[in-house]
Amino acid sequence: SSCNFSTIGIQINKMNYLKNKKILLIITGGIAAYKSLELIRLLKNNGSEIKTVLTKSGKEFVTTLSITSLTQNKVYEELFDSNSEAEMDHITLSRWCDVILVAPATANSISKFSYGNAEDLASTLVLASDKKVILVPAMNVRMWMHQATQENISKLLNYGYLCVGPEIGEMACGEYGEGKMSEPTKIIEFLNNFFSELEKISKKKLKAIVTSGPTKEYIDPVRYISNNSSGKQGYEIAKSLLKKGVETTLITGPTNLSDPKNLKLIKIQTAEEMYEETKKNLPADIAVCAAAVGDFKISKFQKTKIKKQDKINLELEKNKDILNYLSTHNSLRPKLVIGFAAETNNIIENAEAKISKKYCDWIIANDVSKSKIGFDSDFNEVAIIYKDKNIKNELISKRKKSEIAEEITKRILENFNT
């Protein structure tokens, strides 16, 4: 039950990908904290810039002076430091860095992170961060194997945290087993590989279009047909792709969500507008059609407000099919076209029928009849249906939409690594 699997397949890269990288190192209170000094030295040797947060219990094992002399930077300790909190360290530090490295990560710090606690600078910073967090666990074997720790680490891995170690070996307490902190050289190897993968994606210069939210099909100037899509899943996928180095355009219908930073955002109202904007943003390598596009529009839009009547007949006509257009226009077809199927029954059967009909590569299906995972929820549960029958369909169990987005992004990028 180690989270050591995160390090499987890492090869020693001859190239140094750590040069000029900004590493925010959090040192928590475990006997293994002494290894963090060697880690800082190795990071500096590789050309990284390091800022350090030292927790209250971490100060029992290493001194501020020893860290400062190695990093040549101030050590951050208190959440409410009158000298610097005017700068809001927990925000500025998390925005400054390329990655957050918690080494050692004690059972207590892992527990705090998993529950979203914000009681000191380290936990507040992790909670406020938009960067990848890498944990290096270090604790007694019984603490590591305890169900509570295993559940906490599992939760964090599901949130997208990464984990180096722990190793099996003799511990400071004299016991032997899993829980020993990975050696600084192994951590350096992991980080080098992490940045190498990011650079590979960046060099591929992948471009993605993500559609999101509902559309509004106007009947008259004040009335329209729409649906309850919140746009949350599409927004999270766009943010996740961008974070991985993919140039991403988000084309969204009306939502109540705040605009994501650094993302090319195009706001539309109708399905026709979404169709036109999608066409304008081709060519792209990836298209993720997460929007709940209105299937129908009003045949004849009334230019003035329709007065109240006992009965009214509305004639509807079919909207242009964005997913079908993307899948069938060969010269501009993205290499990977992903559709969404919001279903209320026979989820898999309907999704499999849709993949054949629309000619897309994947369909991501979910059950919108369940309020806890449907429209407007922060959670989702999806099935991924693949056109290629050599690939087995997958179920991603109920979790936050941001975590679902991480899982989808991971599979998208794996698709481009083959």
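Analyst: Asn20 belongs to the segment that precedes strand E1 (22-27). In this predicted model, the phi angle of Asn20 is near 65 degrees, a positive value in a residue that is not glycine. Most residues other than glycine have a negative phi, and most peptide bonds are trans. One runs from Ala103 to Pro104, with omega near 0 degrees, and Pro104 itself is part of strand E4 (residues 99-105). Another cis bond joins Leu282 to Pro283, again with omega near 0 degrees. Pro283 is found in the loop between helix H10 (271-280) and strand E14 (286-289).

The largest pocket has a volume of about 1800 Å³. Its lining is made up of 47 residues, and those closest to its centre are Ser129, Asp130, Lys131, Lys243 and Glu406. Several elements give two or more residues to this lining: helix H4 (107-114), helix H5 (121-128), strand E5 (132-137), helix H8 (184-204), helix H9 (232-243) and helix H13 (401-417). Of these, H9 gives the most, with seven residues. By class, the lining of the largest pocket holds 20 charged, 15 nonpolar and 12 polar residues.

Two of the lining elements, H9 and H13, also pack against each other. Two packed helices are described by the angle between their axes and the distance between the axes. For H9 and H13, the axes come within 8 Å and cross at roughly 50 degrees. H9 is therefore oblique to H13, and their crossing is right-handed. On the H9 side, the contact is made by Lys232, Gln233, Glu236, Ile237, Ser240, Leu241 and Lys243. On the H13 side, Lys401, Ser402, Ile404, Ala405, Glu406, Ile408, Thr409 and Ile412 take part. This contact of H9 with H13 comprises six nonpolar, five charged and four polar residues. Lys243 and Glu406, which belong to this contact, are also among the residues closest to the centre of the largest pocket.

H4, another element of the pocket lining, packs against helix H7 (residues 147-158), and the axes of the two come within 9 Å and cross at roughly 50 degrees. H4 and H7 are therefore oblique to each other. The crossing of H4 and H7 is left-handed, whereas that of H9 and H13 is right-handed. H4 contributes Ala107, Ile110, Ser111, Phe113 and Ser114 to the contact, and H7 contributes Thr149, Asn152, Ile153, Lys155 and Leu156. Five nonpolar, four polar and one charged residues make up the contact of H4 with H7.

The axes of helix H1 (residues 35-45) and helix H2 (residues 64-71) come within 9 Å and cross at roughly 10 degrees. An angle under 35 degrees counts as roughly parallel, so H1 is roughly parallel to H2. Leu37, Ile40 and Lys44 of H1 meet Ser66, Ile67, Leu70 and Thr71 of H2 in this contact. The contact of H1 with H2 consists of four nonpolar, two polar and one charged residues.

Notes: Residues numbered from 1 in each chain as written. Predicted model: local features only at pLDDT ≥ 70, side-chain atom pairs only at ≥ 80, totals over all residues. Heavy atoms only, no water. 1 Å grid on protein atoms, 1.4 Å probe; cavity = no way out; pocket = protein on both sides within 12 Å on 5 of 7 lines; lining within 4 Å. Points joined across faces, edges and corners; volume = space filled by probe spheres on them. Helix = DSSP H or I, 4+ residues; strand = E, 2+ residues; numbered from the N terminus. Nonpolar A, V, L, I, M, F, W, Y, C, P; charged D, E, K, R; others polar. Axes fitted to C-alpha atoms, helices over the stretch in contact; angles between N-to-C directions. Parallel < 35°, antiparallel > 145°, perpendicular 65-115°, else oblique. Left-handed = near helix turned anticlockwise from the far one by under 90°. Contact = heavy atoms within 4.5 Å.
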